[in-house]
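I opened my notebook to go through one structure piece by piece. Here is what I looked up, in the order I got to it.

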Amino acid sequence: MKCDNIRPAGSVVIDIENITKDYVMGEEVVRALRGVTLQIRRNEYIAIMGPSGSGKSTLMNMLGCLDTPSSGRYEFNGKNVADMDDDELAAVRNREIGFVFQTFNLLPRSTSLRNVELPLIYAGIEPERRIERAMQVLNDVGLGDRVHHKPNELSGGQRQRVALARALAVEPHVLLLDEPFGALDAKVRKELRRWLRRLHDEIHVTSVFVTHDQEEALEVADRVVIMNQGAVEQIGSPEEVYDHPATPFVYHFLGNVNLFHGRIHEGRAQIGAIQIDTPEHANAKDVPAVGYVRPHDIEVARHLNGTPAIEAVVNHIHPIGPLVHLELARGDTGDLIEVDLTKERYHELQFQTGERVYVTPRNLKVFVYEI
C-alpha cells in the first residue's frame, strides 16, 4: 500500500498530559480519567488494556477527538486540540484518524467497495480517484475478490477487514481500534491480530487498540498501557509489564499470581522462612508486606536442599496442554499456592496428591501491604 502521509518514525504524533475527564450523573460528578499522561510515537502499535470501567473507551474517544478533556493538554501532530475550531476538528477526525469498532458498522445493503468509498465521499475525493483508492485498499487487506460482495455475503473476519479498509482509505496518520476482534471467535481473532500487525508494519501507520484480551496485547503491541479506575497503572513493552509489574494491580490483571504475606524492615523482607533484600523499601519499619510471584516462577522440591523454603502439601494435579498445574496448600497457613511445571519437569519429579513438598519462589516482587 502506498501511504502519502509517512513521517519520520519515532516523532510524537499524540501527546497528552495530565488529562482528566468528568461526567455529571444527576447530582454526582464521576471522574472517568484521572491525570492521564501518554506520548505515542509515529508508527507505534499501542495496546490499551484494563477492566470494564477503567477508562479505556473514554481515553480512546479523547484520542479520536470525539470528546474533550475536562482539564489537561492534548496535542495531535504538534497542535493543541483545544485551539482547533470545529472545522479543524472535523478535518482531523475525517482525514487524519481512522476508526475501527467491534461491531463493523457496515452499510448492510452496500457492497464492500461502496462501504470503503464512504469516507472518501465525505472527504470530497472525485469519483474516479475514489474508486481507484477503494479498490487499492481492499486489495491490500486481501479482499480484492470480494469488492462486490455485501456484508451478509462475507464472514465475520472478512467484514472486519472491510471495516479496516474503510478506516485506511483516507490514509490516516492514526488508526484507532476499539475491541476490533471482540465479535469474532478465538481462532479468527488470532489470525486477524497477526495479520493486522503485519499490515501495520507495511503501511507505517500509528495504531492504537483497546482490548480485553491480554494475550492479544502482549503478542502484538510495541507498548502496553494498563489502566485502572481512570488512571494509568503502567506503560511499557509487553515484556516489561508482564515480567516487571509496577503495582499489585498489574500483577493481578496480567494473569495468575501467588501472594505470600510477610513483613519488611529496613530493606529486608521476611516471607515465611525466606528472607530477601528489598532495597526499594529501605525506609520501611517492620510493616506488613505481600510478595507476588507467577505460578511458573516457583520451584518445587521433594526435599530441603539447604536453602530456606516453604513447606506445602500437593492437593490437586491438573495436566493442561504443555503444562501441569499443581495446587498446593501451605503447611503453616493453609493458603493456596499455584505452580505451573512443564510436562518434562513433572515427569522427572512425579509428585503425588497428598505428598509433602518444599516451595521456593523465584522473582518474588514485594510490595508494602496497604489496608
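Predicted model: local features only at pLDDT ≥ 70, side-chain atom pairs only at ≥ 80, totals over all residues.

**Entry 1**

Is R193 buried or exposed? R193 has a relative accessible area of 2%, so I put it down as buried, since the cut-off for that is under 20%. Next I looked at what its side chain meets: R193 forms a salt bridge with E219, at 2.7 Å from N to O. This pair links distant parts of the chain, with R193 in helix α6 (residues 186-203) and E219 in helix α7 (residues 214-220), 26 residues apart. E219 is partly exposed, with a relative accessible area of 32%.

I then checked which residues are linked with them. A network of salt bridges takes in K190, R193, R194, D213, E215 and E219.

I picked out two more to write up.

One joins the side chains of R129 and E132, at 3.9 Å from N to O. Both residues sit in helix α4 (residues 127-140), three residues apart, which is about one turn of the helix. I noted R129 as partly exposed at 28% relative accessibility, and E132 as partly exposed at 49%.

The other joins R362 and E299, whose side chains meet at 3.5 Å from N to O. R362 is in the loop between β19 (356-361) and β20 (365-368), while E299 is in strand β15 (residues 298-301), so this pair ties together parts that are 63 residues apart in sequence. For accessibility, I have R362 at 30%, partly exposed, and E299 at 40%, also partly exposed.

**Entry 1: R330**

Then I turned to R330, which has its place in strand β17 (residues 323-330). Its relative accessible area is 6%, so I wrote it down as buried. What does R330 touch, leaving out residues up to four places away in sequence? My list reads F260, H261, G272, I310, E311, A312, D335 and I337. I also found a polar contact of 2.8 Å between the side chains of R330 and D332.

**Entry 2: the largest pocket**

I like the idea behind the search: rolling a probe the size of a water molecule over the atoms shows where empty space is left.

The largest pocket holds about 350 Å³ of space. It has 14 lining residues, and the closest to its centre are F99, P119, Y122, R166 and A167. The elements that give two or more residues to this lining are α2 (86-96), β6 (97-101), α3 (112-122) and α5 (156-168). Which element gives the most? That is β6, with four residues. Sorted by class, the lining of the largest pocket has nine nonpolar, three polar and two charged residues.

**Entry 3: the second largest pocket**

I finished with the second largest pocket, which has a volume of about 210 Å³. Its lining is made up of Y242, D243, H244, P245, Y251, V293, R294, H296, D297, N363, L364 and K365. I sorted these by class as well and wrote down five nonpolar, three polar and four charged residues.

Notes:
Residues numbered from 1 in each chain as written. Heavy atoms only, no water. 1 Å grid on protein atoms, 1.4 Å probe; cavity = no way out; pocket = protein on both sides within 12 Å on 5 of 7 lines; lining within 4 Å. Points joined across faces, edges and corners; volume = space filled by probe spheres on them. Nonpolar A, V, L, I, M, F, W, Y, C, P; charged D, E, K, R; others polar. Salt bridge = Lys/Arg side-chain N within 4 Å of Asp/Glu carboxyl O. Buried < 20%, exposed > 50% of the residue type's maximum accessible area, 1.4 Å probe, protein only. Polar contact = N/O pair within 3.5 Å; in protein donor to acceptor, adjacent residues only side chain to side chain. Contact = heavy atoms within 4.5 Å.
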